[in-house]
Amino acid sequence: MRRGIITADRGGSVSVLRVKSVEQSISDTEAPEHRLSKDLSALDLTVFGIGVIVGTGIFVLTGRVAREMAGPSVALSFVIAGIVCALAALCYAEFASTVPAAGSAYTFAFATLGEFPAWIIGWDLMLEMMLGAAVVAVGWSGYLTSLLESVGIALPGAIAGEGATFNLPAALIVLILTAILVMGIKLSSRFNLVIVAVKVTVVLLVIVAGLFFVRAANYAPFVPPSKETPAVEGLSAPLIQVLFGITPVAFGVMGIFGAAAIVFFAYIGFDVVATAAEETRNPQRDLPIGILSSLGVCTVLYVAVSLVVVGMQPYGQLSEAAPLADAFKSVGQTWAASLISIGALAGLTTVVMILMLGMSRVMFAMCRDNLLPSGLGKVHPKYRTPYIITILMGLVVAALAGLVPLSTIAELVNIGTLFAFVVVSIAVIILRRTRPDLPRSFRTPLVPLVPILSVLACLYLMLNLPVETWLRFLAWMLLGVVIYFGYGYRHSRLSERHAGR
């Protein structure tokens with residue numbers, strides 16, 4: 001395979017599979033015009049991970065998937081999704097510590113698969129984080145509405161809630177967080193630390209306080225019998241059911257796996273830790289700690305919370321908008337409901353912020369390679385943040401959060417993340433073969449077995465997503481191909497180097 005910076009075909013033209021070497025990726029991080037502040041520690045990264053992982057998945061999606069797909073066995077769905085993430089996290093940990101540069105899977109793919117695959121994965125990450133931030137902002141607005149209603153304030157339906165004409169609270173929180181991100185990574189990490197402390201406290205409250213209201217009858221049957229449902233027919237049916245002619249069903253064993261593909265959204269975030277590699281003091285040591293520890297803590301919290309919530313209230317009665325808060329309301333504990341809403345607001349705030357942080361760093365890396373206009377990647381002279389990209393993406397996310405319903409885009413985020421996991425897992429195997437000489441402070445165990453299992457598990461969850469999600473994803477990818485060949489291929493820094501030889 002290729003080890004240099006670029007490759008060319010026999011006719012002399014530059015290949016779309018030209019590779020940017022690991023050494024060049026690391027060297028680019030030291031360029032004065034692109035240098036970011038190195039202020040993050042292992043604790044900062046772990047808190048970042050927890051801050052972005054614990055969010056919509058547990059505060060919003062739990063009620064929906066328990067009621068419509070898995071029943072009390074939604075806890076098993078969280079376990080399955082956590083195992084898939086653990087396999088991918090081991091691959092991310094090796095790459096992030098070996099190539100400590102902004103861009104995460106985009107940078108990893110550029111060093112192994114080549115420029116065009118790197119562009120595709122970068123374009124995919126933009127979709128994942130942009131829509132993810134918008135989804136969570138909509139969830140944030142839902143909890144704000146619930147909290148205000150509990151104190152007698154009702155926001156007009158036209159400006160708040162899932163059916164709003166323009167979701168104003170969702171857009172406003174995005175714009176506020178955009179300003180914080182522009183003002184520096186250290187400020188962002190301190191803000192995140194305080195908010196995560198509030199969020200974890202609330203999650204622990206749910207587990208402890210909720211135990212007093214759990215009823216064993218609500219767990220029966222733990223795995224509800226499967227049944228046909230119009231909700232998963234046609235384009236809404238999981239692709240695996242369409243491909244293999246399985247009758248569309250909800251609940252049962254297929255419901256558990258189908259729900260796992262949805263609650264997988266709850267785990268999105270540990271991969272975002274890798275985008276902060278360039279701003280970490282000791283990335284070789286701190287990145288694996290941040291990625292793996294945040295994932296482990298959150299998996300335990302998710303399983304515990306989901307068991308408590310479905311034990312407090314029959315799964316068929318769970319709320320979609322604010323399941324945790326409304327579960328406490330159903331047992332007469334309105335004080336807990338209000339406190340949970342405050343914690344959820346705090347928690348979802350950090351998710352939006354860190355997804356936007358990750359998105360800006362991926363785009364920053366792509367601008368540095370001239371695959372997107374390089375002027376967008378300018379670093380602020382005082383705050384040392386990619387401020388133009390951050391502001392631009394903040395405006396886009398605010399518009400999406402204000403206009404697009406949560407249910408429309410949550411599954412599109414999942415397929416984008418799973419695709420990124422597949423690419424990173426494959427890239428670990430390739431880089432082990434092409435660059436065995438690279439120093440690796442963390443090594444994925446049992447290569448190639450663990451990466452192969454990661455690929456297979458991610459592909460299986462992708463097949464459990466609806467056909468319409470696949471169609472939207474393919475449309476986004478095709479748009480990315482057009483932009484790459486219309487702009488990125490001709491303006492790439494590697495094209496400039498080749499032309500100069």
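**Entry 1, confidence.** I started with the mean pLDDT of the chain, which is 83, and 91% of its residues reach 70 or more. Where pLDDT is low, the predicted coordinates should not be read in detail.

I looked up the largest nonpolar core and found 165 residues in it. Which residues have the most contacts inside it? They are Phe78, Tyr92, Tyr106, Val174, Phe270 and Leu355. Helix 6 (residues 115-150) gives the most to this core, with 21 residues.

I then picked Phe270 and listed what it touches, leaving out residues up to four places away in sequence. Its partners include Ile53, Cys85, Ala88 and Ala89. Tyr92 is another partner of Phe270, and Tyr92 is also on the list of residues with the most contacts in the core. Further along the chain, Phe270 meets Ile291, Ser294, Leu295 and Phe421.

I went through helix 13 (residues 323-330) for buried residues. I noted Pro323, Leu324, Ala325, Ala327 and Phe328. After the helix comes Gly332, and its phi is positive, near 80 degrees.

Two packed helices are described by the angle between their axes and the distance between the axes. I looked up both for helix 8 (residues 185-210) and helix 12 (residues 283-312). The axes come within 9 Å and cross at roughly 45 degrees. Helix 8 and helix 12 are therefore oblique to each other. Their crossing is left-handed. On the helix 8 side I found Val203, Leu204, Val206, Ile207 and Gly210. They meet Leu301, Ala304, Val305, Val308, Val309 and Met312 in helix 12.

At what angle do helix 14 (residues 334-368) and helix 15 (residues 387-403) cross? I read roughly 130 degrees, with the axes coming within 9 Å. That makes helix 14 oblique to helix 15. The crossing here is right-handed. Helix 14 brings Met356, Met359, Ser360, Arg361, Met363, Phe364 and Cys367 to the contact. Helix 15 brings Ile389, Thr390, Met393, Gly394 and Val397.

Terms used. Residues are numbered from 1 along each chain as its sequence is written. This is a predicted model: local features need pLDDT of at least 70, side-chain atom pairs count only at pLDDT 80 or more; totals for chains, interfaces and linings use all residues. Side-chain values use heavy atoms; hydrogens and water are left out. A nonpolar core is a set of buried Ala, Val, Leu, Ile, Met, Phe, Trp, Tyr and Cys residues joined through side-chain atoms within 4.5 Å. Buried means under 20% relative accessible area, exposed over 50%, partly exposed in between (1.4 Å probe, protein chains only). Helices (H or I, at least four residues) and strands (E, at least two) are DSSP runs, numbered from the N terminus. Contact means heavy atoms within 4.5 Å. pLDDT is the predictor's confidence in each residue, from 0 to 100. Axes are lines fitted to C-alpha atoms, for helices over the stretch in contact, and angles run from 0 to 180 degrees between N-to-C directions. Angles under 35 degrees count as roughly parallel, over 145 as roughly antiparallel, 65 to 115 as roughly perpendicular and the rest as oblique. A crossing is left-handed if the near helix is turned anticlockwise from the far one by less than a right angle, and right-handed if clockwise.
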